[in-house]
Amino acid sequence: MRLQCEVEVLSRLLPSCGLRGRGRAARALLSLGRAPGAAGAGIYLMVCTARDRGGARYKVGTAAGPGAAGVPRVPLSPAVCPQVQQNVERLFTRFVEEGKATVRLREPAVDLCLSKANVINLKTFLSAVRLAHQGNDTGVLPLSPLVPAKNSDVEKPKTKMIITSRRDYPLTKSFPFSLEHLQTSYCKLARIDSRVLCLKKLRKLDLSHNHIKQLPATLGDLVCLQELDLHDNHLEAFSGALCSSGLQKSLQLLDLSQNQIQALPIEFCQLRGLVQLRLDDNALLRLPCRIGQLSRLRFLSAARNKLPFLPWDFRRLSLENLDLFGNPFEQPNPLVPNIQLKIPLTLLECAARATVNHRIPYSCHLLPSHLCKDLEVAKTCRCGSACLSSFIQITVTMNLHHVAHTVVLVDNMGGTEAPVLCYFCSLHCYSQFLDMHLQSSG
C-alpha cells in the first residue's frame with residue numbers, strides 16, 4: 001500500500017525542550033509493508049522524500065500469520081487506542097475529506113501530518129494502517145515492499161508549464177494532471193487540445209498567438225479556471241454555452257484581443273466574476289446590452305473596434321480603467337430620434353412590459369425560447385419602465401469619467417466622451433426629455 005502526499009514529521013518532545021516543532025511539509029511517498037529480509041512480523045510505515053529516498057521507517061504493529069487466529073483484534077477508532085503494545089496511538093481524520101490526516105505514534109513520539117493527498121487513496125491507506133495496528137493476517141493486509149522511492153515518486157507535482165514554440169509542444173506525452181498554469185503560445189494550434197480540457201486544476205490558461213478558430217463547449221468544464229488568454233487567434237465568436245458553464249463564477253480575466261469577433265452573445269454577461277476584460281483589435285459592432293451586470297468588472301479595454309455607440313446599461317459599470325480609443329463613435333443628436341413606437345401597443349408588447357416591470361417569473365418551460373431571449377434583452381426607458389419592440393431610440397453624450405476612474409482618450413482630439421443609446425417607452429417620456437434637453441442647451 002502506497003500513498004503520495006505531503007508529509008511533515010513533528011516531534012512531540014521538542015516543545016518540552018523549548019524548541020519549535022513546526023517545520024515545512026515535503027512531498028513524500030508513504031509505504032506500508034514489511035522490511036525486506038525481516039525476521040519478525042513487524043509492519044512498518046516508511047516515509048521517503050526527495051532528501052531521503054531511502055526512507056525513514058516507523059513501526060505500526062505486528063501482523064499475525066495465517067495460523068495466528070488467537071490474536072485479539074480490537075478496532076482502532078479516531079480516538080485513543082487502548083492497546084499500549086501497539087505503536088499507533090491515534091489517528092486524526094477530521095479533515096480527511098480535504099486530503100489531510102495525522103498519524104500519532106507512541107515510539108518515537110512523533111506525529112506524521114499528511115496533506116494534499118487524494119481523498120480516496122488517503123482513506124484506503126488509513127484503513128490499511130488500522131488493519132496493521134489491529135494485528136490482522138498478513139494475507140488481508142495490502143502490503144508493499146519497503147524499497148527506496150524513485151525520483152518521480154517524491155518530486156513535487158508540476159504546477160506550471162510554459163511552451164512557446166511548436167517544436168516543444170508534446171505530441172505523444174500527456175500534460176501533468178497537477179498543472180495549474182499552462183501556456184502554449186506560438187504553437188500554431190488550430191484548436192484546443194483535448195488533453196488540455198482534462199486538466200481540472202487549471203487556474204491560468206494562456207493560448208495566445210495561435211490559430212484557434214473555435215472554442216469547445218467542454219472548456220467550460222475547467223471549473224477552477226480564473227484566467228483565460230486567447231489573444232491573437234482567429235476567433236470569430238465566443239460561445240454562449242461557455243458563458244452558461246462553470247466559468248460563470250471562476251473566470252476573472254478574459255483576453256479576446258486581436259481576433260475577428262463582431263459581437264458577443266447575450267449570455268456573455270453571465271460571467272459575473274470577470275474583473276478584467278480585453279476586447280481590443282476585433283471587429284465589434286456593439287457591446288453586450290446587459291454589460292452593466294458585470295458588477296465586478298474593473299478593467300475594460302475595447303480599443304480599435306467598430307463601435308458606433310455604447311449600450312445604455314454601460315452607465316451601471318464601476319471601472320478603474322477604461323480604454324475605448326480608436327472606435328468610430330457617431331455624433332449624438334437627440335433631436336433626430338429613431339422611432340419604433342407602435343400605437344396602440346400590441347398585446348405581446350403589453351404582456352412583455354408587464355412581465356419585466358412586475359418581475360413576473362418566466363422560463364423556457366412556460367414561454368417559447370425566443371420570447372425568453374427577447375425578455376432578457378428588454379430595453380429600459382429613462383422612467384424605469386421596460387419596452388420590448390416598441391420604443392423611441394436616441395443617442396446622448398456621456399462623459400466616461402462617470403463610469404471609470406482612469407479613461408484613455410477616445411480619439412486624437414483628447415476627448416473622454418462617447419455616445420450612449422437611450423430609450424423611451426412613450427412619446428410622453430421622450431417629450432419630457434426633449435424639454436429638459438432644450439432648456440439646458442438654451
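What percentage of the 442 residues in the protein chain is buried? Buried residues, meaning those under 20% relative accessible area with a 1.4 Å probe and protein chains only, make up 45% of the 442 residues. The structure is a predicted model, in which local features need pLDDT of at least 70 and side-chain atom pairs count only at pLDDT 80 or more, whereas totals for chains, interfaces and linings use all residues. Residues are numbered from 1 along each chain as its sequence is written, and side-chain values use heavy atoms, with hydrogens and water left out.

The protein chain contains 7 helices and 21 strands, assigned as DSSP runs (H or I, at least four residues, for helices; E, at least two, for strands) and numbered from the N terminus. With contact taken as heavy atoms within 4.5 Å, 49% of the contacts between residues at least 6 apart in sequence join residues at least 24 apart.

In helix α6, which spans residues 369-376, the buried residues are Leu371, Cys372 and Leu375. These residues lie on the same side of α6 because they cover an arc of only 105° around the axis, the arc being that of the directions from the helix axis to the C-beta atoms. Their cover includes α5 (347-357).

Leucine 205, in strand β10 (residues 204-206), is buried with a relative accessible area of 0%, and its C-alpha atom is separated by 6.0 Å from that of histidine 181, 24 residues apart along the chain. Not counting residues up to four places away in sequence, leucine 205 touches Leu182, Val196, Leu219, Leu222, Leu225, Glu227, Leu228 and Asp229.

The largest pocket holds about 660 Å³ of space. A pocket is here an open set of points on a 1 Å grid over the protein atoms alone, where a 1.4 Å probe fits, with protein on both sides within 12 Å along at least five of seven lines, and lining residues have an atom within 4 Å of a point. Of the 23 lining residues, Arg27, Lys116, Pro157, Ser178 and Lys201 lie nearest the centre of the pocket. The elements giving two or more residues to this lining are β1 (2-11), α1 (119-134) and α2 (151-154), and the largest share, 3 residues, comes from β1. By class, the lining has 5 nonpolar, 7 polar and 11 charged residues, where Asp, Glu, Lys and Arg count as charged.

Methods
Buried means under 20% relative accessible area, exposed over 50%, partly exposed in between (1.4 Å probe, protein chains only). Grid points are joined across faces, edges and corners, and a volume is the space filled by probe spheres set on the points.
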